[in-house]
Amino acid sequence: MPTIYNVHDLPAPSSNITLDDAINYIHTKWGGESNFNFYQNAIRHSSTTALPQFFIMLDDAPPSNQTIIGCSALLTNDLISRQDLYPWMACLFIEESHRGRALGNLLSERAVTAAHAAGYPNIYLYTDHVGLYEKYGWTHHTDAYNPFEATPYRVYTKSTVPPSTT
């Protein structure tokens with residue numbers, strides 16, 4: 001089973017994956033030609049307990065041969081007009097060869113757990129996907145805009161409070 005790590009808690013020295021590898025991976029999935037320094041600075045100054053946090057998923061190969069197969073983040077804002085809502089699960093990506101196994105849900109649940117541990121009762125995400133996040137307990141909350149497009153995006157929310165076991 002793949003394993004999820006906060007980028008500051010990588011299993012060094014047994015793993016061949018470093019913080020720089022995580023930064024490069026997340027940037028290649030979400031960044032652009034001119035914003036590497038933005039991603040590098042944000043990720044290097046991220047947290048293991050507060051906001052922001054960045055996560056990577058490593059495959060289940062032996063540590064010396066592991067590769068990154070996905071990522072996600074827990075952010076104060078995900079460049080969306082509803083800045084009154086936070087925190088945001090963002091930067092979710094799963095390599096195409098690993099899709100269809102609900103690994104994206106595992107990464108989103110890591111963000112939910114981290115938000116709960118940081119004291120937030122709810123978490124948000126925005127997307128243009130309809131029907132994907134609902135399968136995993138997210139509910140449509142409202143619509144909002146990012147600064148690059150005029151079309152609204154769907155904002156979803158999920159409680160971070162674990163279900164009662166009593």
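Colleague: How many aromatic pairs does the structure hold?
Modeller: This predicted model holds 7 aromatic pairs.

Colleague: Why is the pair of Tyr86 and Tyr120 called edge-to-face?
Modeller: The ring centres of Tyr86 and Tyr120 are 6.0 Å apart, and pairing requires centres within 6.5 Å. Their planes stand at 80°, and an angle over 60 degrees counts as edge-to-face. The pair links distant parts of the chain, 34 residues apart: Tyr86 is in the loop between strand S3 (68–75) and strand S4 (88–94), and Tyr120 is in the loop between helix H3 (103–117) and strand S5 (122–127).

Colleague: What makes Tyr86 partly exposed?
Modeller: Its relative accessible area is 41%, which falls between the limits of 20% and 50%. Tyr120, with 23%, is likewise partly exposed.

Colleague: Why are Tyr133 and Trp138 described as an edge-to-face pair?
Modeller: Their ring centres lie 6.3 Å apart and their planes are at 75°, so the pair is edge-to-face. Both Tyr133 and Trp138 are buried.

Colleague: Which residues do ring pairs link into a cluster?
Modeller: The cluster consists of Trp88, Tyr124, Tyr126 and Tyr153.

Colleague: How do you know that Cys71 is too far from Cys91 for a bond?
Modeller: The closest cysteine sulfur to that of Cys71 is in Cys91, 6.3 Å away, whereas a disulfide requires sulfur atoms within 2.5 Å. Cys91 is therefore in no disulfide, and the count comes to 0 disulfides.

Colleague: What makes Cys71 count as buried?
Modeller: The relative accessibility of Cys71 is 0%, and buried means under 20%. Cys91, at 14%, is also buried.

Note on methods
Residues are numbered from 1 along each chain as its sequence is written. This is a predicted model: local features need pLDDT of at least 70, side-chain atom pairs count only at pLDDT 80 or more; totals for chains, interfaces and linings use all residues. Side-chain values use heavy atoms; hydrogens and water are left out. Rings of Phe, Tyr and Trp (its six-membered ring) pair if their centres lie within 6.5 Å; planes under 30 degrees apart count as stacked, over 60 as edge-to-face and the rest as tilted. Helices (H or I, at least four residues) and strands (E, at least two) are DSSP runs, numbered from the N terminus. Buried means under 20% relative accessible area, exposed over 50%, partly exposed in between (1.4 Å probe, protein chains only).
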